[in-house]
Amino acid sequence: MLDINFIRDNRELVKQGMANKGEKNTSAVELVLNKDEEWRNTVTELDLARAESNKKAKQIGQLMGQGKKEEAQDLIRETGNSKERIKKLEELLSILQKEREDLLYQIPNVPDSSVPVGRSDEDNVVHSSWGEPCGDEWRLPHWDIAAEKKWIDFDRGSKVAGAGFPFYLGLMARLQRALINFFLNEAVAHGYTEIQAPYFVNEDSARGTGQIPDKEDMMYTVPRDGFYAIPTAEVPVTNFHRDEILSMDDLPIYYTAYTPCWRREAGSYGKEVRGLNRLHQFDKVELVKFVHPDQSDTELESLREYAESLLQNLKLPYRTLLMCTGDMGFTQTKKYDLEVWSPGQQRWLEVSSCSNFGSFQARRMQLRFKNEKGKTEMVHTLNGSGLALPRIVASILETYQTEAGDVLVPDVLRPYMGVDKM
């Protein structure tokens, strides 16, 4: 969430940021500021009431010491009324604080000034590209290759769980494992600490990273236990340091984690969900950074460059998009998407999002650090996919297939696979 002081000092900037992100209810800014003023007035009133009560308590002690019991009794009766008033003010303050917080949760992060203003994916800007997309007519889409080789069983996955929960068989299962190990080993070699995270989180964790209130409909839930199945390892890993105060010497902190991910993907249809394009359960290696505020812009660029290097090592043509305000998301201040080329479908497929959240998530989680002056500041958080597997697998099957019907194994994966072709 945004700092209430920032909203107070930048009212119009926050409203414009909301509008640029496609949020229609910009009235939340005025509502939260009005609620904040009411809260601050109540704090002042409560402080005065407590000070007056303390003053009378001292006077009572003095009168009792002087033997003036009748005068003391009069003050005691007044103090009783004061305590009742203080109790009501404390209850009101608690209600106002909760109402203010609920309103703050409705206000998205403010886009960075370098983010292009736009309404949809058509307004995203191509930041860079790498490789030459191939367009041979003989190349099959990955679902045809997988069906012919009996590598992926969508029908049995649907029978056992539902649509979007495939089985991977034989060499395809081995390819999945090879990619996970390759991505994790590369991350560790680049200074990330590998972490094994829970696959389920509680409500506080989901709220901390901004999944709620915003993406409740996208998450699978376990109502009996109050759990959410993680939509990404970002949620448990970013909450790892929730409610902590770090030392400045601790920063930056880099974590990487492999987890399965679960997403409802409501509203998807047609070619968007064909084959591995959009699944309800998929595997992903996540990258999470906790950094000093002065370094978050630089850290975002290094995160993007690292994710790009994985695609270059796999020799998969890709492009990097700088996302516009309307296609960026509620919590990010700046975001890049990496899209790999799918020659069998002749289209780009998103395989990674690299995002800077500034202090937005940290404020929700109360994740702070002691700066060089010994004062507490909010940490800045970033994350990116390094990488998500389904569309990488789709691109490998389509890019590395031969006219003879085989699929070559990318060079960097051969030590993990133990074979040169599939």
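Predicted model: local features only at pLDDT ≥ 70, side-chain atom pairs only at ≥ 80, totals over all residues.
A pair of aromatic rings is described by the distance of the centres and the angle of the planes. The structure holds 13 aromatic pairs. In one of them, Trp130 and Tyr318, the ring centres are 5.9 Å apart and the planes stand at 20 degrees; planes under 30 degrees apart count as stacked, and therefore this pair is stacked. Trp130 belongs to strand β1 (residues 125-130) and Tyr318 to strand β11 (residues 318-322), so the pair ties together parts that are 188 residues apart in sequence. The two partners can also be described by their accessibility. Trp130 is partly exposed, at 32% relative accessibility, whereas Tyr318 is buried, with a relative accessible area of 2%.

The pair of Phe182 and Tyr416 has another geometry. Its ring centres are 6.3 Å apart and its planes lie at 70 degrees; because planes over 60 degrees apart count as edge-to-face, the pair is assigned to that class. Phe182 sits in helix α7 (residues 171-189) and Tyr416 in helix α13 (residues 414-417), so that distant parts of the chain, 234 residues apart, are linked by this pair. With a relative accessibility of 3%, Phe182 counts as buried, while Tyr416, at 29%, counts as partly exposed.

Ring pairs also join into a group: Tyr199, Phe200, Phe227 and Trp262 are linked by them into a cluster. Arg100 is placed over the face of Trp39, at 4.2 Å from the ring centre, and Arg207 is placed over the face of Tyr105, at 5.8 Å from the ring centre.

Helix α12 spans residues 389-399 and is mostly covered, with 11 of its 11 residues buried. The buried residues include Pro390, Ala394 and Ser395, as well as Arg391 and Glu398. The axes of α7 and α12 come within 11 Å and cross at roughly 115 degrees, and the crossing is right-handed. On the α7 side, the contact is made by Met172, Leu175, Gln176, Leu179, Ile180 and Phe183; on the α12 side, by Leu389, Ile392, Val393, Ile396 and Leu397. These contact residues divide into 10 nonpolar, 1 polar and no charged.

A buried position elsewhere is Val237, which has a relative accessibility of 2%. Val237 is found in helix α9 (residues 234-238). Leaving aside residues up to four places away in sequence, Val237 touches Ile195, Ala197, Tyr255, Ala257, Val288 and Phe290.

The backbone geometry remains to be considered. Most residues other than glycine have a negative phi, and most peptide bonds are trans. Against that background, the bond joining Ile212 and Pro213 is cis, with omega at about -5 degrees. Pro213 lies in the loop between α8 (203-209) and β6 (221-222). The peptide bond from Gly386 to Leu387 is likewise cis, with omega near 5 degrees. Leu387, however, is found in a strand, β16 (residues 380-388).

For Lys150, a residue other than glycine, phi is near 60 degrees. Lys150 occupies the loop between α5 (142-149) and β2 (152-153), and it is exposed, with a relative accessible area of 67%. Gln366, also not a glycine, has a phi of about 55 degrees. Its place is in the loop between α11 (360-365) and β14 (368-370). Gln366 is partly exposed, with a relative accessible area of 30%.

Terms used: Residues numbered from 1 in each chain as written. Heavy atoms only, no water. Phe/Tyr/Trp six-rings, centres within 6.5 Å; stacked < 30°, edge-to-face > 60°. Helix = DSSP H or I, 4+ residues; strand = E, 2+ residues; numbered from the N terminus. Buried < 20%, exposed > 50% of the residue type's maximum accessible area, 1.4 Å probe, protein only. Lys NZ or Arg CZ within 6 Å of the ring centre and 35° of its normal. Axes fitted to C-alpha atoms, helices over the stretch in contact; angles between N-to-C directions. Left-handed = near helix turned anticlockwise from the far one by under 90°. Contact = heavy atoms within 4.5 Å. Nonpolar A, V, L, I, M, F, W, Y, C, P; charged D, E, K, R; others polar.
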